[in-house]
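Please keep the model open while reading.

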Amino acid sequence: MAKFVLAGKTDCPHYAKAELLADRLQRSLPNFRIQKISILPHEWKEWLEATCKRNGWKHEQSPMVWRELVDHGGKGILLGDFSDFLEHCQDYYNITSDMSTDIMLSVAAENLETKMNLIAEEQHRVSLIKPLHIWISSALSSTCHFLIPYLLSAEVFPHVSAISLHLMDLEGNMEELQWLRMETEDLAFRLLHQVTIHTDLEQAFREADVILLLDEGWSEDSDRENEEEVKKKTVKGISDRYREYGQLIDTMANKDVKVIVSGDSFVNLRCSLLLDNAHSIDSHQFVTVATQLENEAKAIVAKKLKVRTSDITNVIVWGNISGSFYIDLQRAKVFNYDGAIKGPAFFSQPAKSILQGRKWLETDFQDLVRCQRAAVTSKTCRAAAMTVTNGMLAVLKAWNGICCPDEVFSMGVLCPGYYNLPDGIVLSIPVTFTDGRWSVLWDVTVGDELKERLQLYASELRQEKELGSENCTMVINKVDS
């Protein structure tokens, strides 16, 4: 089989003449194939140089014709310009072209007009696509690698026709991000519209509809620094960055953007800093995820009761997700428990009535939950990325209406006056979702002991914010002096 490639400027008369000659050959000869590459005039020089460099050819004018040896791996052999192609056709196929100059010019003009119309149609088609823009920080983390396939699978965003994924890692390098982009594109998900990569904040959160902020590296470890100094340096790094994030979200993101803060480091503080600097966006759009803590608590209870983790529901996490918190089982239910009372699959029993041991619930159980993730991290030498991913996906699904209206979630949200808490504090409290919008669950018992705990958690978070503000004030004073 003879396969030729004809490339040329769209408005080139000789390209038009070669094109019609090739069409004639293809109609007459069953084993003759032609591929046409029409290049806009202003793009021709750059395209020609790149093509010749890639193939080791020398060619200067339009058109350019080469033959691909299909039986030899498709390697190309340069034939030349129109004259060379015409001579080849006369010698091998005894076919020539007698097109007049006027017709050549007319066809060239028609080619250019057709090309411009096709470009306009494609631009219009692209403009009709309204992708969901998802931004992910710390994109080179293992959590992000787990997240990407789920985000693009239509399970989380069932009513979305296209997704633009924006992967950002300020500590990463561009080469690693390029490999991640390539791997993401290789997934070939129908929803994926495009993938962009970023190592700076120049375009950060532009047109964002969903922002997922994962853990980041805040400060370098140092054996010479005591724990307090390390914490101060960490909080300063968080405060500086998340104030900037908040300002960028305020100016660059869509006003109905959904922001989820996740990870193991100062989660509530990070969310609070965003809220302090994104004044034009509804505070309901910013949440932190405690779902991973819920699930870890469910796993411990399930193991003790010898049921599956999925048989435990409605566990509540109060407090500072990455600091001091309290696991509350007052609304927790247990399904499929093999006890004295049994029922059908939909039958459940209160977890506290089965566990009974208050001392275990208030001491050992709380300590086990605190140690669970640290144990996973120490054994695997990496963060518990799967549980973090699962927690974020559960909240995203609920935010998109994929959950039962009576399902209880624990999320860190701004608590203006909730449970007599001070303003400006982000604490984990129980919420439910209705039609994709969360609301505080008031049908819970908040006794004096729990109120006291909440005040302690709020005080802890205020101290973290003050530590960040103190660092910021110290830097300003140094500059002024």
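A disulfide is taken here as a pair of cysteine sulfur atoms within 2.5 Å. The model is a predicted one, in which local features need pLDDT of at least 70 and side-chain atom pairs count only at pLDDT 80 or more, while totals for chains, interfaces and linings use all residues. Residues are numbered from 1 along each chain as its sequence is written, and side-chain values use heavy atoms, with hydrogens and water left out.

**Cysteines**

How many disulfides does this rule give? The count is 0. In general, a disulfide is a covalent bond between the sulfur atoms of two cysteines. The cysteine sulfur closest to that of Cys12 belongs to Cys52 and lies 15 Å away, which is too far for a bond. For Cys89 the closest cysteine sulfur is that of Cys12, at 16 Å, again too far for a bond.

Relative accessible area is sorted into buried (under 20%), exposed (over 50%) and partly exposed (in between), using a 1.4 Å probe and protein chains only.

**Helix packing**

Helices (H or I, at least four residues) and strands (E, at least two) are DSSP runs, numbered from the N terminus. Axes are lines fitted to C-alpha atoms, for helices over the stretch in contact, and angles run from 0 to 180 degrees between N-to-C directions.

Helix H1 (residues 13-28) packs on helix H3 (residues 82-93) at an angle of about 20°, and their axes are 10 Å apart. Contact means heavy atoms within 4.5 Å. H1 contributes His14, Lys17, Ala18, Leu21, Ala22 and Leu25 to the contact, and H3 contributes Phe82, Phe85, Leu86, Cys89 and Tyr93. By class, these residues are 9 nonpolar, 1 polar and 1 charged. Here Ala, Val, Leu, Ile, Met, Phe, Trp, Tyr, Cys and Pro count as nonpolar, Asp, Glu, Lys and Arg as charged, and the others, Gly among them, as polar.

Helix H9 (residues 291-305) and helix H13 (residues 385-399) meet at an angle of about 115°, with 8 Å between their axes. The crossing of H9 and H13 is right-handed. On H9 the contact residues are Thr291, Gln292, Asn295 and Glu296; on H13 they are Thr387, Val388, Asn390, Gly391, Ala394 and Val395. This contact has 3 nonpolar, 6 polar and 1 charged residues.

**Backbone geometry**

Ser62 and Pro63 are joined by a cis peptide bond with omega about 0°. Pro63 sits in the loop between helix H2 (41-55) and strand E3 (64-69).

Phe205 is not a glycine, yet its phi is positive, about 65°. Its place is the loop between strand E7 (192-198) and strand E8 (210-213). Phe266, likewise not a glycine, has a positive phi near 45° and lies in the loop between strand E9 (258-261) and helix H8 (267-277).

**Gln455**

Gln455 belongs to helix H14 (residues 448-480) and is partly exposed at 34% relative accessibility. Apart from neighbours within four places in sequence, Gln455 contacts Tyr419, Asn420, Leu421 and Pro422.

How values were computed:
Left-handed = near helix turned anticlockwise from the far one by under 90°.
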